[in-house]
Amino acid sequence: MLLQLNNIFKWVNSGGQRIFLLKDISLTVEEGEFISVMGPSGSGKSTLLNVIGMLDGFDEGEYHFLDESVHSIKEKHRANLYKEYIGFVFQSYHLLDELTVKENLEMPLLYKKFKGSERKAMVADMLDRFNIVGKKDLFPAQLSGGQQQLVGIARALISNPKLILADEPTGNLNSAQGEEIMGLFKQLNDEGVTIIQVTHSEKNASHGSRIINLLDGRMI
Amino acid sequence: MLKNYIKIAWRNLTKNKSYTIINIGGLALGMAVALIIGLWIQDELSHDDYFEKKDEIAQVMQSQTFNNLTGTGPAIPRPLEMAFRESYMDNFKHLAMSSWTNSQYLKYKDNSISRDGNFIQKDAPEMLDLKILSGEKDGLRELNSIMLAEKTAQALFGSEDPIGKVIKVNSQYDMMVTAVYEDIPFNTSFYDAHFLMPWEKYVTTQEWVNNAEDQWGNNSFQMFVQIAENTSMEKITAAIKDVKKNLNEDTEEFNPQLFLLPMKDWYLRSKFENGKRVGGRIKYVWLFGIIGAFVLLLACINFMNLSTARSEKRAKEVGIRKSIGSQRKQLINQFLSESFLVVLFAFTIAVFVVLLSLNGFNELARKEIEFPWSNLSFWLMSLVFILLTALLAGSYPALYLSSFRPVDVLKGTFKAGKHAGTPRKILVVFQFTVSVAFIIGTVIVMQQINHAKNRPIGYDRAGLVQIPTFSQDFSGKYDLIRSEFLGSGAAIEMSTSSSPTTRIWSNRSGFIWDGKPEGFQEDLAWTAVSTEYAKSLNLKIVAGRDFSREFASDSNAVLLNETAVKYMGIIDPVGKFIKDDSDEDPEEPLKIIGVVQDMIAQSPYEPVKQGMYVFDKYENASYYNLRLNPKQSAQQNIAIIERVFKEHFPNIPFQYDFVDEQYGKKFAAEERIGRLSGIFTALAILISCLGLFGLTSFVAEQRTKEIGVRKVLGASVFNVWNMLSKDFLKLVVVSCFIAVPIAYYVMNGWLQEYPYRVILEWWIFALAMIGAMLVTVVTVSFQAIRAAKTNPVKSLRTE
């Protein structure tokens, strides 16, 4: 078991009323799964992803990640856990505009305090693997959307996370680019990386091993 | 990691050039001001540090009380020396009597110069630890010896070795050079001691000094001491306090109190009011320190405001960094290193600015400050200064920016909350409060100076020239010289006086007159003048008559000024007599022949002092006063006067001063403050405006979409301009209302020091407020109008 959510609730209070973003979510994810989260806009897909990714908190329930209880550990510890095991991929890539491709890839390693020589080797390896060696000194603005997302995924992967969380990774791409990214995810999953993606597309979801449907914050 | 931070910071800086220029430029200006003020304060605080025994040296001071008013000064009577040497010497390691620093004529072969210097007792070179370049340190042992400062020796002897050579002083006596000492630096109390001669020479050559040996009432000398090792200034003061008072009935009068003023307080803390020490120049050290700190703070506020204003642009970066594993601490570090980089940059520019402006500043502040390149502690302080500034300017943005939640900012829905701009507004209000207060302060200082300058001074100072006549050569020649000068056509009137027109050198008491109130302790300014004094100065006679050559009896005549008549309480003074209260006095009583208009001889901020002008029957004049011929140019007149002067006094260097220039020097201190605070005010406003400019551009950018929508809905350029300007104008109005009472309080306090002062009028405050608002509107309008003119299609398309 990689992670387990037990009866997770998340809400906001608005005008004296409690609006539920997540309602009684229970979910177990095993290592090596490729899960697609689907549902209409506002159904809580991204919120769920952020909760799993520890970027966002929740109001009720339990969350176990590996052997740790996320709901009861301290902020700093949680950050370490997150840094160690989780990589994020965003719809709009979210690369750092002021950094080159190479530097963007290096960034997570810096935060994990890898040594200079190690960082170099890992970045070179990743550039090679994604076939973007030629682009290493370009800035994000000089790349196409597909290429930017490739860099985004490479950055998420570089510190060898157990879990990749992807929030509509192909949402801003054309279909060919989307296919390429999905193929890449499939390949990563085959290599043993657990992936949870949020998507609108049935076709993308079909790449996964399991589909979770959300509606108004509830699993259906 | 640091490299990475710096890389990002660098790229951010080069990407937003206008932002960078405003930020670094503003900060550099602020730091330059802080640096210059820092150097100035350092110079002030290190005054007299040249003397290694600074902590042990003191001057003996005396307080005396006349009519319940206590005056304090360094002037002491000569017999005090013997009293100390006989009974109190175990308190002192060294003791040195000294004359005032006076100008003397020094002549070697055909080379004659005039220099300031002291007659002082032989312990002085040891006490002051003068750096002897050649000759002996104990150079004042012999009666006919003189020690010269390096530059003075050079001026007299050129490349010759001065030691053992004989120079003529005041064409009167020969002195042998026994030592040359290093020039005493400018920021010391003895900077103008260009030579030292033995005290004994002073006593033997000046009859009045000789006579003063046992005159306890003749306070005309100075005494410096170095205290013994096992005691303290306070202990000695306690011991010597009443030495003069307890002597006899005569000295008891005026309640003389003696005390030591330590050398470390001479320069900064030597102002006394009614017997109590009330600070002194230290006030200005504080004042400028505060100004410097404020200007720097204003620049730091710009940095904070612009950084936080740009927060929406940096928010995404913060989100991404957090989502790929950055901790908040690391983000704080990143933003702080960015701020450090900016500050370091600004500091480098500030150093350049300081280097470029140091000469001008020295002239303005009358200083000789050099840039302390080789001073390690300066660089250490600078480093601390940079770090502190970086922390001050960067901590708020660092804490604010790093607090963003990645979920919020990455969703793209991040909007700074309703109150996010509040701290920014408060800081802007603070900036403009300081600026407006500075404006008001400067205007009032300027006004006060002008007020005093425009005060009628009682005589005509334009076209009046004074020539010092300290040497014996001048005695007995007055009538001859006068007819020569008048005959040459360069002067239309001439007189002599015992004090310069712009000073009072002598005050006397111990008179009796009809109707003098019982127990009245008078204190009168005393000037000995020649017959034509009033005529040459265009000083008006308001009652009686002027001195006249036709009355031989005028040698015992006196003129009073108007204040003296009121002060002494004499009704119908003309024809009455003033007598010395001692019966043994051989002089005849002085007959009051007339009353002259009050003339300002001392501070233009104080009431005119009661004074008497007596006929100078001994020709003891210190100055010639010449009324130049108005039909010729001043240069022509001076050239003729110089020629005549040289004919009669070939051994004496020709020196002269225009009285109006001398009078102008009375305003020097206030004018310096006025000019400096004017400059700092201008810089403070400039820095605040830079910040405002940057801020408006960001606000305009933030509201691009809103402006677009408004324009589509029919808003005019004026509407948009109005909308953007109003917000800032409101802040400035708030600032004005905070600044006005503060400025009023502070400036009112400052003005209290001047008995003759300007009245604070409401329009000064109104002017400052309108000025600040005008500057704001102009600054804001640049951006506002540009934003208002943008085509809405463009700004809406970017969404």
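Me: What is the confidence in chain B, and what are the scores of the model?

Reply: pLDDT is the predictor's confidence in each residue, from 0 to 100. Chain B averages 88, and 98% of its residues score at least 70. The model scores ipTM 0.82 and pTM 0.81. Where pLDDT is low, predicted coordinates should not be read in detail.

Me: What makes α2(B) oblique to α13(B)?

Reply: Take the geometry first. Helices are DSSP runs of H or I with at least four residues, and strands are runs of E with at least two, numbered from the N terminus. Two packed helices are described by the angle between their axes and the distance between the axes. Axes are lines fitted to C-alpha atoms, for helices over the stretch in contact, with angles from 0 to 180 degrees between N-to-C directions. The axes of α2 (residues 17-45) and α13 (residues 328-365) of chain B come within 7 Å and cross at roughly 45°. Under 35 degrees would be roughly parallel, over 145 roughly antiparallel, 65 to 115 roughly perpendicular, and the rest is oblique. Therefore α2(B) is oblique to α13(B).

Me: What handedness does the crossing have, and which residues make the contact?

Reply: α2(B) passes α13(B) in a right-handed crossing. That term applies if the near helix is turned clockwise from the far one by less than a right angle; anticlockwise is left-handed. Residues are in contact if their C-beta atoms, placed from the backbone, lie within 7 Å. Among them are B:L27, B:M31 and B:W40 of α2(B), and B:F345, B:I349 and B:F361 of α13(B). The contact divides into 19 nonpolar, two polar and no charged residues. Nonpolar covers Ala, Val, Leu, Ile, Met, Phe, Trp, Tyr, Cys and Pro; charged covers Asp, Glu, Lys and Arg; the others, Gly among them, are polar.

Me: What does chain A bring to its contact with chain B?

Reply: The contact takes 17 residues from chain A and 17 from chain B. On the chain A side, α2 (75-85) and α3 (101-111) each give two or more. α3(A) gives the most, with four residues. That side divides into ten nonpolar, two polar and five charged.

Me: How do you know that β1(A) and β4(A) pair?

Reply: Strands pair if DSSP finds at least two bridges between them. Five bridges join β1 (residues 3-14) to β4 (residues 60-65) of chain A, so these antiparallel strands pair. A:L5 stands opposite A:Y63. Nine bridges join β1(A) to β2(A), also antiparallel. There, A:L3 stands opposite A:V29.

Me: Why are β2(A) and β5(A) called edge strands?

Reply: The open antiparallel sheet has the order β2-β1-β4-β5 in chain A. β2 (17-29) and β5 each pair on one side only. β4(A) and β5(A) form a hairpin with two residues between them, and A:L66 in the turn has a positive phi of about 50°.

Me: What is the order of the six-strand sheet?

Reply: In chain A, the order is β6-β7-β8-β3-β9-β10, with mixed pairing. Five bridges join β7 (residues 163-167) to β8 (residues 194-198), which run parallel.

Technical notes: Residues are numbered from 1 along each chain as its sequence is written. Chains are lettered from A and ligands numbered from 1 in the order in which they are written. This is a predicted model: local features need pLDDT of at least 70, side-chain atom pairs count only at pLDDT 80 or more; totals for chains, interfaces and linings use all residues. Two residues are in contact if their C-beta atoms, placed from the backbone, lie within 7 Å.
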